[in-house]
Amino acid sequence: MNKTELIDEIAKAADISKASASRALEAVIDSITSTLKHDGSVTLAGFGTFAVTARAARTGRNPRTGEEIKISASKVPKFKPGKALKDALN
């Protein structure tokens with residue numbers, strides 16, 4: 001499912017226009033992104049938790065040449081599914 005299909009599903013499930021569903025989805029994504037930028041986490045009970053973790057610097061290899069390269073440390077988003085989501089899938 002892509003973003004357009006998700007907007008269609010939200011509009012149908014909530015009985016709202018596609019434009020309203022699009023604005024709502026954008027607001028959710030922007031809110032989650034803003035919170036993660038400030039090293040916060042977002043927990044949606046029953047669904048899961050979005051958080052930021054630190055990835056340490058490491059040495060990698062260029063697959064084409066085999067040359068060693070240094071990969072700098074970075075922050076990466078993580079998602080941990082909640083129990084209700086796990087149960088719904090099994």
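## An aromatic cluster

Phe47, Phe50 and Phe79 are linked into a cluster by ring pairs. Rings of Phe, Tyr and Trp (its six-membered ring) pair if their centres lie within 6.5 Å. This is a predicted model, in which local features need pLDDT of at least 70, side-chain atom pairs count only at pLDDT 80 or more, and totals for chains, interfaces and linings use all residues. Residues are numbered from 1 along each chain as its sequence is written, and side-chain values use heavy atoms, with hydrogens and water left out.

## The two ring pairs

A pair of aromatic rings is described by the distance of the centres and the angle of the planes. The structure holds two such pairs. In one, the centres of Phe47 and Phe79 are 5.4 Å apart and the planes stand at 50°, so the pair is tilted. Planes under 30 degrees apart count as stacked, over 60 as edge-to-face, and the rest as tilted. This pair links distant parts of the chain. Phe47 lies in the loop between strand 1 (42–44) and strand 2 (48–55), and Phe79 in strand 5, 32 residues apart. Strands are DSSP runs (E, at least two residues), numbered from the N terminus.

Phe50 and Phe79 form a tilted pair too, at 4.8 Å centre to centre and 50° between the planes. Here strand 2 holds Phe50 and strand 5 holds Phe79, 29 residues apart.

## At the surface

How exposed is Phe79? Its relative accessible area is 35%, so Phe79 is partly exposed. Phe47 is partly exposed as well, at 38%. The class lies between buried (under 20% relative accessible area) and exposed (over 50%), using a 1.4 Å probe and protein chains only.

Leu44, Phe47 and Phe79 form a nonpolar surface patch, with about 250 Å² of accessible area together. Patch residues have over 30% relative accessible area and no salt bridge, and nonpolar side chains are joined within 5 Å. A salt bridge is a side-chain nitrogen of Lys or Arg within 4 Å of a carboxyl oxygen of Asp or Glu.

## The sheet behind the rings

Strand 5 covers residues 74–81. An open sheet of three strands runs in the order 1-2-5, with antiparallel pairing. Two strands pair if DSSP finds at least two bridges between them. Strand 1 and strand 5 stand at the edges, each with a single partner strand, so one side of each has no neighbour in the sheet.

Strand 1 and strand 2 pair over three bridges, in the antiparallel sense. Leu44 stands opposite Gly48 in strand 2.

Conventions:
Patch = residues over 30% accessible without salt bridge, like charges linked within 9 Å, V, L, I, M, F, W, Y side chains within 5 Å. Areas by Shrake-Rupley, 256 points an atom, 1.4 Å probe, with all protein chains shown as cover. Helix = DSSP H or I, 4+ residues; strand = E, 2+ residues; numbered from the N terminus.
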